[in-house]
Amino acid sequence: MDNRVATIFELTQALGNPGQVLEALGVVEDTVFRKCPKKCTHCECKKFETLELVGISSKPLFYECVACGTLHLKYTRDWVEKQFTKIDGLWTNPNDWEEPEDLELPS
Ligand SMILES: [Zn+2]
């Protein structure tokens, strides 16, 4: 499976919060796929690429449908949104978020 890398700095600058950024990227549901989905839940295409976000995480966060671009979460939406706090100075209230050390990564 190919891995695609995207930068979302402009998106995160333009939008108000991580949830909105995820929606703009193409995350349409909260279902977590720890393994690649058999088919896209949106268009039923069976081909996917993984998608990594520069500055957010050093590993792929989504399975992206090559046909329609819908993103399928590899991790919970909450966890992914918390990774956005790694972008310095972006969010006004970083203290609202849990400490990353408390998180258990799904493997
Ligand atoms: Zn699709």
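**A five-strand sheet with three helices**

The secondary structure of this protein comes to 3 helices and 5 strands. The model is a predicted one. Read from the N terminus, its elements follow the order β-α-α-β-β-β-β-α.

**The sheet as a whole**

- The 5 strands form an open sheet, and their order across it is β1-β3-β4-β5-β2. The pairing in this sheet is mixed.
- β1 (3-6) and β2 (27-32) stand at the edges. Each has a single partner strand, so one side of each is left without a neighbour in the sheet.
- From one strand to the next, the twist averages 35°.
- As a general rule, strands of a sheet pair through backbone hydrogen bonds, either parallel or antiparallel.

**An antiparallel pair: β3 and β4**

- Strand β3 covers residues 48-53, and strand β4 covers residues 62-65.
- The two run antiparallel and are joined by 4 bridges.
- Glu49 stands opposite Glu64 in β4.

**A parallel pair: β2 and β5**

- β2 pairs with strand β5 (residues 71-73) in the parallel sense. This pairing has 2 bridges.
- Val27 has Leu71 in β5 as its bridge partner.
- How many of the 6 residues of β2 are buried? The number is 0, so β2 lies largely in the open.

**Burial and contacts in the protein**

- The protein has 107 residues, and buried residues make up 21% of them.
- Take the contacts between residues at least 6 apart in sequence: 54% of these join residues at least 24 apart.

Terms used. Residues numbered from 1 in each chain as written. Predicted model: local features only at pLDDT ≥ 70, side-chain atom pairs only at ≥ 80, totals over all residues. Pairing = 2+ DSSP bridges. Axes fitted to C-alpha atoms, helices over the stretch in contact; angles between N-to-C directions. Buried ≥ 20, exposed ≤ 12 C-beta atoms within 10 Å, placed from the backbone. Contact = placed C-beta atoms within 7 Å.
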